[in-house]
Amino acid sequence: MDIKNTIRSRRSFLTGPAAAGAAFTIVRPELVRGWAPSTLKIGLVGCGGRGTQAVQNAMAGDPAVELVAMADAFEDKLEGSLKRLRNQPNQSRVKVEPDHRFVGFDAYQKLLKTDIDVVFLATPPGWRPLHFEAAIDAGKHVYCEKPFGVDATGVRRMMAAGRKSIEKKLT
């Protein structure tokens, strides 16, 4: 009997069915940085089409996600997004009360003072460095659309805030 045929290599072992079983026994969700509570409360900054779609995607991907706060510079964008989200299959998890709807150029600051776990930043890219810095300073986890900035100064601000997020153990 040829020994090469009876002994499996580590590489072949990790490509087979054993890999799937090993992955679930090795990774424990509570040990992963950024592990969340049973309900994940999100806030949306930037209620245009992309922000609305990001919330829909998050809700479709995880039944524990709830939208609890929204902010936009323009009221019609916020109300249109809210209407669209309330006409989707996951509408019961859209829990944005009137006092958690913020309008104006300072709306993101008001949203960051609410009890959310994650903020979705889907504003035009020129605003992202400012909003990202504020979210990290507020101790919020962030989902941020790309691009991260429109100029070198903005990208450097994002990178600095990103380093700060690591220090704060934010994702």
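Among contacts in the protein chain between residues at least 6 apart in sequence, 68% link residues at least 24 apart. The model examined here is a predicted one. Of the 171 residues of the protein chain, 38% count as buried. The chain contains eight helices and five strands, and from the N terminus on these elements follow the order α-α-α-β-α-β-α-β-α-β-α-β-α.

The five strands form an open sheet with parallel pairing, in the order 3-2-1-4-5. Strand 2 (residues 65–72) and strand 3 run parallel and are joined by three bridges. Within this part of the sheet, Ala 71 stands opposite Phe 102 in strand 3.

Helix 4 packs on the sheet, where it touches strand 1 (40–45), strand 2, strand 4 (118–121) and strand 5. The direction of helix 4 makes about 170° with that of strand 2.

Helix 4 (residues 49–61) also packs with helix 5 (residues 75–85), at an angle of about 30° and with the two axes 10 Å apart. Because angles under 35 degrees count as roughly parallel, helix 4 is described as roughly parallel to helix 5. The crossing of these two helices is right-handed. Helix 4 contributes Gly 49, Thr 52, Gln 53, Val 55 and Gln 56 to the contact, and helix 5 contributes Ser 81, Arg 84 and Leu 85. By class, the contact of helix 4 with helix 5 comprises two nonpolar, five polar and one charged residues.

A further helix pair is formed by helix 7 (residues 128–137) and helix 8 (residues 152–167), which pack at an angle of about 15° with their axes 9 Å apart. This angle makes helix 7 roughly parallel to helix 8. Helix 7 passes helix 8 in a left-handed crossing. On the side of helix 7, the contact is made by Arg 128, Pro 129, Leu 130, Phe 132, Glu 133, Ile 136 and Asp 137. The residues of helix 8 in this contact are Gly 154, Arg 157, Met 158, Ala 161, Gly 162, Lys 164 and Ser 165. By class, the contact of helix 7 with helix 8 has six nonpolar, three polar and five charged residues.

Key:
Residues are numbered from 1 along each chain as its sequence is written. This is a predicted model: local features need pLDDT of at least 70, side-chain atom pairs count only at pLDDT 80 or more; totals for chains, interfaces and linings use all residues. Side-chain values use heavy atoms; hydrogens and water are left out. Axes are lines fitted to C-alpha atoms, for helices over the stretch in contact, and angles run from 0 to 180 degrees between N-to-C directions. Helices (H or I, at least four residues) and strands (E, at least two) are DSSP runs, numbered from the N terminus. Angles under 35 degrees count as roughly parallel, over 145 as roughly antiparallel, 65 to 115 as roughly perpendicular and the rest as oblique. A crossing is left-handed if the near helix is turned anticlockwise from the far one by less than a right angle, and right-handed if clockwise. Contact means heavy atoms within 4.5 Å. Ala, Val, Leu, Ile, Met, Phe, Trp, Tyr, Cys and Pro count as nonpolar, Asp, Glu, Lys and Arg as charged, and the others, Gly among them, as polar. Two strands pair if DSSP finds at least two bridges between them. Buried means under 20% relative accessible area, exposed over 50%, partly exposed in between (1.4 Å probe, protein chains only).
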